[in-house]
Amino acid sequence: MHGPVFQLIYASRASEGLAPAKLESLRDAAARHNALHGVTGALLYGGGMFVQLLEGDRDVVRGIYDFRVRSASQHSDVTLLHEGPAERRSAGHWSMALLDLNRHAGSEVAERFEQVVASMQALKEDENNAVGVLDVFQLAVLSLSAEAA
């Protein structure tokens, strides 16, 4: 995609603790759907919380958020943290990357994730704080790239 891309980030609370196999199943279903629609993204999970980045065409991303994400039974308390244009994609080539931070306790990404979750209210109230969320995703993508290498 050339030019600006639309990004949307939300957080939510998992309905129940999710085993790695269930997380991978969720990721696989999202990846298949996103690949069909030119959407990339990353899903971070830790401490019973999700934070997800979706990016692509604005109408497609908003449709996924409005009709798939908000109605999914795997989570509740869906909170929109950020939406808007970006110069480039943060999730690279992944139709849906997954980073289970429970498996990366003590890492820089896990620590930043905990900070983001702790400051969710502030993120909703101050758009400038969304930069912190994007930083977490950039760290996550670097971490995932290192794991894949």
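Reader: Let's start with the overall layout. Which pattern does the protein chain follow along the sequence?

Author: Happy to begin there, and please keep in mind that the model is predicted. The protein chain has 5 helices and 5 strands. Read along the sequence, they follow the pattern β-α-β-β-α-β-β-α-α-α.

Reader: What share of the residues in the protein chain is buried?

Author: The protein chain exposes about 7600 Å², and carbon and sulfur atoms supply 50% of that area. Turning to residues, the chain has 149 of them, and the buried share is 46%.

Reader: Let's look at single residues. Is Val51 buried or exposed?

Author: Val51 lies in strand 3, which covers residues 49–56. Its relative accessible area is 1%. Buried means under 20%, so that value places Val51 in a clear class: buried.

Reader: Which residues does Asp100 touch, leaving out those up to four places away in sequence?

Author: Asp100 lies in strand 5, residues 97–100. With a relative accessible area of 9%, Asp100 is buried, because the cut-off for that class is under 20%. Leaving out residues up to four places away in sequence, Asp100 touches Pro20, Leu23 and Tyr45.

Reader: Let's follow one of those partners. With which residues is Pro20 in contact, leaving aside neighbours within four places in sequence?

Author: Pro20 is found in helix 1. It is partly exposed, with a relative accessible area of 38%. Leaving aside neighbours within four places in sequence, Pro20 is in contact with Asp100 and Arg103.

Reader: Now the largest pocket. Which residues are the closest to its centre?

Author: About 380 Å³ of space lies in the largest pocket. It is lined by 19 residues, and the closest to its centre are Tyr10, Leu26, Ala30, Gln52 and Ala72.

Reader: Which element gives the most to the lining of the largest pocket?

Author: The elements that give two or more residues to the lining of the largest pocket are helix 1 (20–36), strand 3 and helix 2 (58–69). The element that gives the most supplies 7 residues, and that is helix 1.

Reader: How many residues in the lining of the largest pocket are nonpolar?

Author: Let's sort the lining by class. The lining of the largest pocket has 2 charged and 6 polar residues. The count of nonpolar residues there is 11.

Reader: Let's move to charges. How far apart are the closest N and O atoms of Asp59 and Arg58?

Author: Side chains of opposite charge can pair when their charged atoms come close. Asp59 is exposed at 58% relative accessibility, while Arg58 is partly exposed at 45%. The two form a salt bridge, with the closest N and O atoms apart by 3.8 Å.

Reader: How many residues apart in sequence are the parts that Glu83 and Arg62 tie together?

Author: The side chains of Glu83 and Arg62 meet in a salt bridge of 2.8 Å, N to O. Glu83 lies in strand 4 (residues 75–86) and Arg62 in helix 2, so the pair ties together parts separated in sequence by 21 residues.

Reader: Which residues are linked with Arg62 in a network of salt bridges?

Author: The structure holds 6 salt bridges. One of them joins Asp66, which is partly exposed at 27%, to Arg70, which is exposed at 52%, and their closest N and O atoms are 3.8 Å apart. In the network, Arg62 is linked with Asp66, Arg70 and Glu83.

Methods:
Residues are numbered from 1 along each chain as its sequence is written. This is a predicted model: local features need pLDDT of at least 70, side-chain atom pairs count only at pLDDT 80 or more; totals for chains, interfaces and linings use all residues. Side-chain values use heavy atoms; hydrogens and water are left out. Helices (H or I, at least four residues) and strands (E, at least two) are DSSP runs, numbered from the N terminus. Buried means under 20% relative accessible area, exposed over 50%, partly exposed in between (1.4 Å probe, protein chains only). Contact means heavy atoms within 4.5 Å. Accessible areas come from the Shrake-Rupley method with a 1.4 Å probe; for residues, only the protein chains shown count as cover. On a 1 Å grid over the protein atoms alone, a cavity is a set of points where a 1.4 Å probe fits but cannot get out, and a pocket is an open set with protein on both sides within 12 Å along at least five of seven lines; lining residues have an atom within 4 Å of a point. Grid points are joined across faces, edges and corners, and a volume is the space filled by probe spheres set on the points. Ala, Val, Leu, Ile, Met, Phe, Trp, Tyr, Cys and Pro count as nonpolar, Asp, Glu, Lys and Arg as charged, and the others, Gly among them, as polar. A salt bridge is a side-chain nitrogen of Lys or Arg within 4 Å of a carboxyl oxygen of Asp or Glu.
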